[in-house]
Amino acid sequence: MPGSRSSAAALSLALALAACQTRDVETRPFHVEVARSDAGSFLLDARAAFRFTGTGARLEPTVLRVAGVVPEGGGEPFDVTLSFRADATGGLAYPAQFDGAQLTVTLLSDPAGKGPVGEPLNYPGFRIETTGVLAADVRQFAVVESAYEGESGTDAILVGPLEIRVRDDWTEFEPAECGPVYYDFLEVTGDDEVISLSRGERGDLSIAAPDPERWTVLHALSWHRRGTCGNQAEAWTQFAAWR
């Protein structure tokens, strides 16, 4: 009967739509948290970068204290604790060599920073370097994440000699709650090689200047949307790099 066929078609369509994903794509930001022992703050009226030096203490795999930081204008030293979520992608953790080492930190702060669903994200990233006598003693560790508009959400100051860019990819997507979300890839450039990393991938490449060094880059996740709702970010990138 025509009515029965029509009802069956409508039911099939309803079931197909019900099977589509209506929730947002799962994104787990590093959610960097910063605490100072002097109750001070690194948040100003606008986006800013701070650089400070102290002695490292690896309290937990994702919790690091930098002790004995001297204020720029002088005064009593204070400690800074840098932490990120313990269930970070790829088992990310501070290098054991940071414990007891002299460290220099470059910290990016943004009082207006937002996460993927509009939540506050005041510290989009940081870079840490050990202060070694020899170039070979120097280790670096960088964490970067950002909701952004335009071509790239990265900050060159945080990734040292690496050139890292987010590249749009329109081949893999999820039908999220407010329109499709497309998974992008990370393009990382060294001295004479370029690698592309999909979400969850990591890769190695060399930087020869000023001294030969091998970097590892972990691409946690990058995506862009076609349609947003509420405070959702238009695009997101999240990665880490270390040597």
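A disulfide is a pair of cysteine sulfur atoms within 2.5 Å. With that in mind, let's look at this predicted model: a search of the whole structure turns up 1 disulfide.

**The big picture**

- The protein has 243 residues, and 44% of them are buried.
- Take the contacts with a separation of 6 or more: 59% of them are between residues 24 or more positions apart.

**The disulfide**

- Which two residues does the disulfide join? They are C178 and C229, with an S to S distance of 1.6 Å.
- These two cysteines are 51 residues apart, so the pair links distant parts of the chain.
- C178 sits in the loop between β9 (173-176) and β10 (179-183), while C229 sits in the loop between β14 (213-225) and β15 (235-242).
- Why is the disulfide called right-handed? Because the torsion about the S-S bond of C178 and C229 is about 60°.
- The cut-off for buried is under 20%.

**The strands around it**

- β9 and β10 run antiparallel and are joined by 4 bridges.
- A hairpin takes the chain from β9 to β10 through 2 residues.
- Within this pairing, A176 stands opposite G179 in β10.
- β10 also pairs with β14: the two run antiparallel, with 3 bridges between them.
- Here Y183 stands opposite W223 in β14.
- β10 is mostly covered, with 4 of its 5 residues buried.
- In a regular strand, side chains alternate between the two faces of the sheet.

**A closer look at T216**

- T216 is part of strand β14.
- Is T216 buried or exposed? Its relative accessible area is 15%, so T216 is buried.
- The side chains of T216 and D204 are joined by a polar contact of 2.6 Å.
- Leaving out residues up to four places away in sequence, T216 touches R202, G203, D204, A240, A241 and W242.

Methods: Residues are numbered from 1 along each chain as its sequence is written. This is a predicted model: local features need pLDDT of at least 70, side-chain atom pairs count only at pLDDT 80 or more; totals for chains, interfaces and linings use all residues. Side-chain values use heavy atoms; hydrogens and water are left out. Buried means under 20% relative accessible area, exposed over 50%, partly exposed in between (1.4 Å probe, protein chains only). Contact means heavy atoms within 4.5 Å. A polar contact is a pair of N or O atoms within 3.5 Å; within protein, one must be able to donate a hydrogen and the other to accept it, and residues adjacent in sequence count only if both atoms are side-chain atoms. Two strands pair if DSSP finds at least two bridges between them.
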